[in-house]
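Colleague: I have not looked at this one before. Could you walk me through it?

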Amino acid sequence: MLEVAVKGRADAGSGMVVSRKTLDSFVERHVISKLDHANLNCDVAELQGVVPTTENLALLVENWLKLAWDDELGARGVKLARVRIEETARNSFEVRD
Amino acid sequence: MVLITRKAEFSASHYCASPGLSPEENEELYGPASRPSGHGHNYVLEVTVAGDVDPASGMIMDLKDLKQMIQDRVVEVYDHRFLNHEVPPFDRVVPTPENIARDIWERLTPGVNDDGRRLHGIRLYETADLYVDYFGEDAP
């Protein structure tokens with residue numbers, strides 16, 4: 001289970017830091033579509049030669065999000081605060097800026 | 001400094017529509033959440049207080065006091081209410097979780113902040129998949 005935390009001020013008009021539709025679509029395109037139902041060892045180019053531990057996966061997710069962040073979300077003045085992956089109910093991994 | 005967190009729950013209904021926008025624009029921005037008949041959430045609230053541990057009591061603050069403050073200042077106000085119609089400022093402020101968390105912060109700050117302790121953060125779960133953290137307007 002992946003958590004993506006966005007940091008910023010709530011817009012005075014909408015009352016939101018970022019619209020859920022924008023964030024969901026962003027994460028879907030840049031992360032979920034690349035990982036869902038993939039064999040992490042074989043199907044993900046960035047993980048070739050890398051052990052697909054959840055530590056490495058969290059760093060990769062952060063990197064994918066950062067690569068597209070400025071183009072798509074930069075103008076909104078929001079920042080990526082945290083990527084957290086729950087590997088199981090007892091193990092979770094977090095990357096913070 | 002030590003952080004302590006107390007959890008509480010309340011159920012409330014709301015809808016999200018910005019007054020300056022048309023119904024179509026609101027539907028585009030908020031999705032079905034913009035429809036004025038409203039919909040409900042079982043909100044889960046986590047209130048975190050930061051402070052020094054009193055050497056005698058071994059506590060930052062008496063948890064019963066915190067529990068009572070959350071009950072009186074938040075749960076009594078929000079629980080089983082239609083926020084847009086019954087709980088100011090949401091007659092004019094869109095009751096997004098961002099704005100609700102800020103309102104809860106303002107309601108709790110005067111009671112919580114005292115010598116050696118202060119309100120550190122509000123975490124509000126609207127659903128299991130969506131929560132907001134608010135650390136005050138001055139947060140970095």
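Colleague: Let me start with chain B: what pattern does it follow, read along the sequence?
Modeller: Bear in mind that this is a predicted model. Read along the sequence, chain B runs β-α-β-α-β-α-α-β-β, and its secondary structure amounts to four helices and five strands.

Colleague: And what pattern does chain A follow?
Modeller: Chain A has the pattern β-α-α-β-β along its sequence, which comes to two helices and three strands.

Colleague: What do the two chains span along their principal axes?
Modeller: For chain A the C-alpha trace spans about 45 × 30 × 20 Å, while the C-alpha atoms of chain B fill a box of roughly 60 × 30 × 25 Å.

Colleague: Staying with chain A, how do the axes of its helices α1 and α2 cross?
Modeller: Helix α1 of chain A, residues 20-35, and helix α2 of chain A, residues 54-72, have axes that come within 9 Å and cross at roughly 145°, and the crossing of α1(A) past α2(A) is right-handed.

Colleague: Which residues make that contact?
Modeller: From α1(A) the contact is made by A:F26, A:R29, A:H30, A:V31, A:K34 and A:L35, and from α2(A) by A:L57, A:V61, A:W64, A:L65, A:A68, A:W69 and A:E72.

Colleague: How do they divide into nonpolar, polar and charged?
Modeller: The residues where α1(A) meets α2(A) divide into nine nonpolar, one polar and three charged.

Colleague: Changing topic, how much area do chain A and chain B bury between them?
Modeller: They bury about 1100 Å² between them, with 39% of it on carbon and sulfur atoms. Of the area that chain A buries against chain B, 35% is supplied by A:R9, A:R20 and A:K21, which is more than any other three residues supply.

Colleague: And how many residues does each chain give to the contact?
Modeller: Chain A contributes 14 residues and chain B contributes 17 residues.

Colleague: How many salt bridges are there between the chains?
Modeller: The count between chain A and chain B is four salt bridges. One of them joins B:E98 to A:R20, where the closest N and O atoms are 2.8 Å apart. For polar contacts across this interface, nine residue pairs are found, with both residues at pLDDT 80 or more.

Colleague: Which elements of chain A give two or more residues to the side touching chain B?
Modeller: Those elements are β1, residues 2-7, and α1 of chain A. The residues on the side of chain A that touches chain B divide into four nonpolar, four polar and six charged.

Colleague: One last topic, the backbone: which peptide bond is cis in chain B, between B:P88 and B:P89 or elsewhere?
Modeller: The bond from B:P88 to B:P89 is cis, with omega near 10°, and B:P89 lies in the loop between α3 (83-86) and α4 (97-112) of chain B.

Colleague: And in chain A, is the phi of A:H37 positive or negative?
Modeller: A:H37 has a positive phi, near 55°, in a residue other than glycine, and this residue is found in the loop between α1 and α2 of chain A.

Colleague: Why point out both of these backbone features?
Modeller: I point them out because most residues other than glycine have a negative phi, and most peptide bonds are trans.

Note on methods: Residues are numbered from 1 along each chain as its sequence is written. Chains are lettered from A and ligands numbered from 1 in the order in which they are written. This is a predicted model: local features need pLDDT of at least 70, side-chain atom pairs count only at pLDDT 80 or more; totals for chains, interfaces and linings use all residues. Side-chain values use heavy atoms; hydrogens and water are left out. Axes are lines fitted to C-alpha atoms, for helices over the stretch in contact, and angles run from 0 to 180 degrees between N-to-C directions. A crossing is left-handed if the near helix is turned anticlockwise from the far one by less than a right angle, and right-handed if clockwise. Contact means heavy atoms within 4.5 Å. Ala, Val, Leu, Ile, Met, Phe, Trp, Tyr, Cys and Pro count as nonpolar, Asp, Glu, Lys and Arg as charged, and the others, Gly among them, as polar. Buried area is the accessible area (1.4 Å probe) that two parts lose on being put together, summed over both. A salt bridge is a side-chain nitrogen of Lys or Arg within 4 Å of a carboxyl oxygen of Asp or Glu. A polar contact is a pair of N or O atoms within 3.5 Å; within protein, one must be able to donate a hydrogen and the other to accept it, and residues adjacent in sequence count only if both atoms are side-chain atoms.
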